[in-house]
Amino acid sequence: MSIGSYEQINDVHLDVLREIGNIGAGNATTALSMMLGKRIEMAPPIVRLTSIPEITNALGGPENMVVGILCNLTGDIEGMMMFVLEQAFAHQIISQLLMREISNYDEMDDMDFSALREIGNIMAGSFSTAISALTNLNIGLDVPGISIDMAGAIMSVPAVAFGTIGDYALYIEEDIMEGEQYLKSRLLLIPTLESLNKIMRSLGLEV
Amino acid sequence: MNKITIGISDLSVGAAPDSIITYALGSCIAICLYDPILKLAGMAHIMLPSSRECPADSNIRKFADTGAAELVRLMEIKGARRIRMKAKIAGGAQMFKVVSESANIGKRNTQATKDILRSMMIPIVAEDTGDDFGRTVEFFSNNGILQVRTAKMGNWEI
């Protein structure tokens with residue numbers, strides 16, 4: 001027996017994935033604090049299994065402009081990780097890292113893009129480390145790609161890539177508190193089914 | 001006038017003065033068919049090139065080959081004639097540069113769409129495909145115009 005589609009993920013599997021989400025979010029908070037040189041508060045992460053259209057709605061609807069950072073997973077685990085940041089989050093990162101205030105995506109230059117790509121690297125590293133630490137599996141990360149566009153268009157990329165295995169993704173909400181304000185960041189973790197089964201087996205779960 | 005909204009892996013047919021809209025196409029394609037005599041418009045929002053790659057998936061609206069065939073079938077039920085149909089297609093972008101050329105699903109979707117329309121002898125009279133940006137498209141049944149709206153590049157009609 002193995003997990004044959006994302007619909008077959010049960011509560012035990014989901015607990016494992018939640019734990020990965022929690023540890024990953026913890027790692028990411030630490031790494032982000034170090035990079036930005038200040039203490040960062042993160043809201044407790046929410047981990048869910050959700051369909052792609054639901055995620056698009058949670059991101060403010062298909063036409064809402066967001067920053068997507070896409071990272072392919074290689075090595076023992078194959079699949080895709082995608083971070084979606086709302087505009088305010090991206091602006092905050094740029095202002096903290098590059099001491100530059102921008103109010104619109106049009107004002108972003110190459111430096112700003114590399115700053116965001118670096119954030120993507122850090123976040124992806126935090127989560128892949130979490131999975132590796134739990135499972136002893138070796139995970140490689142490709143250089144992330146970045147796109148700023150309509151949420152629906154960005155979400156079509158994981159939807160299409162995994163349209164062959166089901167329409168679900170592991171969805172992690174991890175908001176950062178900046179003063180009184182929550183800055184929204186969303187992570188999608190989409191291992192291939194084979195890789196998902198590998199994660200479960202390496203944790204001794206009968207799948 | 002009704003505005004009919006379709007999602008991913010979805011399709012619909014509308015008669016004048018209705019329009020059909022689908023939001024934020026990335027690498028997906030909107031296949032738009034028009035019968036100018038009936039003023040009947042149809043749109044399919046397909047996600048993958050070929051149903052043959054996923055034999056277990058029964059959603060025929062997800063794929064270029066089966067989606068286009070189903071759209072033609074539904075339009076014919078409403079009285080449209082294939083010989084009068086004209087096609088406009090949009091979408092097929094590559095949202096992330098990191099994806100390798102062979103995995104450029106936008107390009108493969110575009111090619112698969114052209115192949116299936118050619119095999120059904122439906123001419124493509126306009127297309128807006130490729131590049132690296134998302135598109136919202138609205139297809140007007142009273143004149144067959146396809147309006148393309150983007151976040152970064154402005155809006156236009158084909």
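**Entry 1: Ser128(A)**

Which residues does Ser128(A) touch, not counting residues up to four places away in sequence? I found Met81(A), Ile139(A) and Leu141(A). Contact here means heavy atoms within 4.5 Å. I am working on a predicted model, where local features need pLDDT of at least 70, side-chain atom pairs count only at pLDDT 80 or more, and totals for chains, interfaces and linings use all residues. Residues are numbered from 1 along each chain as its sequence is written, chains are lettered from A and ligands numbered from 1 in the order in which they are written, and side-chain values use heavy atoms, with hydrogens and water left out.

I placed Ser128(A) in helix 4 of chain A. Helices (H or I, at least four residues) and strands (E, at least two) are DSSP runs, numbered from the N terminus. Is Ser128(A) buried or exposed? Ser128(A) counts as buried because its relative accessibility is 7%. The cut-offs are under 20% relative accessible area for buried, over 50% for exposed, and partly exposed in between (1.4 Å probe, protein chains only).

**Entry 2: helix 6 of chain A**

I went through helix 6 of chain A, residues 193-202. Its buried residues are Leu193(A), Ser195(A), Leu196(A), Asn197(A), Ile199(A) and Met200(A). What do they pack against? I listed helix 1 (11-36), helix 4 (110-135) and strand 10 (185-191), which belong to chain A. After helix 6 of chain A comes Gly204(A), with a positive phi near 80 degrees.

Next I took the pair of helix 1 and helix 6 of chain A. Their axes come within 11 Å and cross at roughly 90 degrees. Helix 1 of chain A is therefore roughly perpendicular to helix 6 of chain A. Axes are lines fitted to C-alpha atoms, for helices over the stretch in contact, and angles run from 0 to 180 degrees between N-to-C directions. Under 35 degrees counts as roughly parallel, over 145 as roughly antiparallel, 65 to 115 as roughly perpendicular, and the rest as oblique.

Which residues meet here? From helix 1 of chain A I noted His13(A), Val16(A), Leu17(A) and Ile20(A). From helix 6 of chain A I noted Leu196(A), Ile199(A) and Met200(A). By class, this contact has six nonpolar, one polar and no charged residues. Nonpolar covers Ala, Val, Leu, Ile, Met, Phe, Trp, Tyr, Cys and Pro; charged covers Asp, Glu, Lys and Arg; the others, Gly among them, are polar.

**Entry 3: helix 1 and helix 2 of chain B**

I repeated the check in chain B. The axes of helix 1 and helix 2 of chain B come within 9 Å and cross at roughly 40 degrees. So helix 1 of chain B is oblique to helix 2 of chain B. The contact involves Ala64(B), Asp65(B) and Ala68(B) of helix 1 of chain B, and Ala112(B), Thr113(B) and Ile116(B) of helix 2 of chain B. I sorted these by class: four nonpolar, one polar and one charged.

**Entry 4: salt bridges**

How many salt bridges does the structure hold over all chains? I read off 13. A salt bridge is a side-chain nitrogen of Lys or Arg within 4 Å of a carboxyl oxygen of Asp or Glu.

I looked up Glu173(A) and Arg186(A), which form one at 3.9 Å, N to O. The pair links distant parts of the chain: Glu173(A) is in strand 7 (residues 168-173) of chain A, Arg186(A) in strand 10 of chain A, 13 residues apart. Glu173(A) counts as buried at 15% relative accessibility. Arg186(A) is buried too, with a relative accessible area of 6%.

In chain B I checked Arg61(B) with Asp10(B), whose closest N and O atoms are 3.4 Å apart. Arg61(B) lies in the loop between strand 5 (40-46) and helix 1 (64-77) of chain B, and Asp10(B) in strand 2 (residues 10-15) of chain B, 51 residues apart. Arg61(B) is partly exposed at 27% relative accessibility. Asp10(B) is partly exposed, at 23% relative accessible area.

**Entry 5: Gln147(B)**

Last, I located Gln147(B) in strand 9 (residues 146-149) of chain B. Gln147(B) and Ile158(B) are eleven residues apart in sequence and 6.4 Å apart in space, C-alpha to C-alpha. Leaving aside neighbours within four places in sequence, the contacts of Gln147(B) include Thr136(B), Phe140(B) and Trp156(B).
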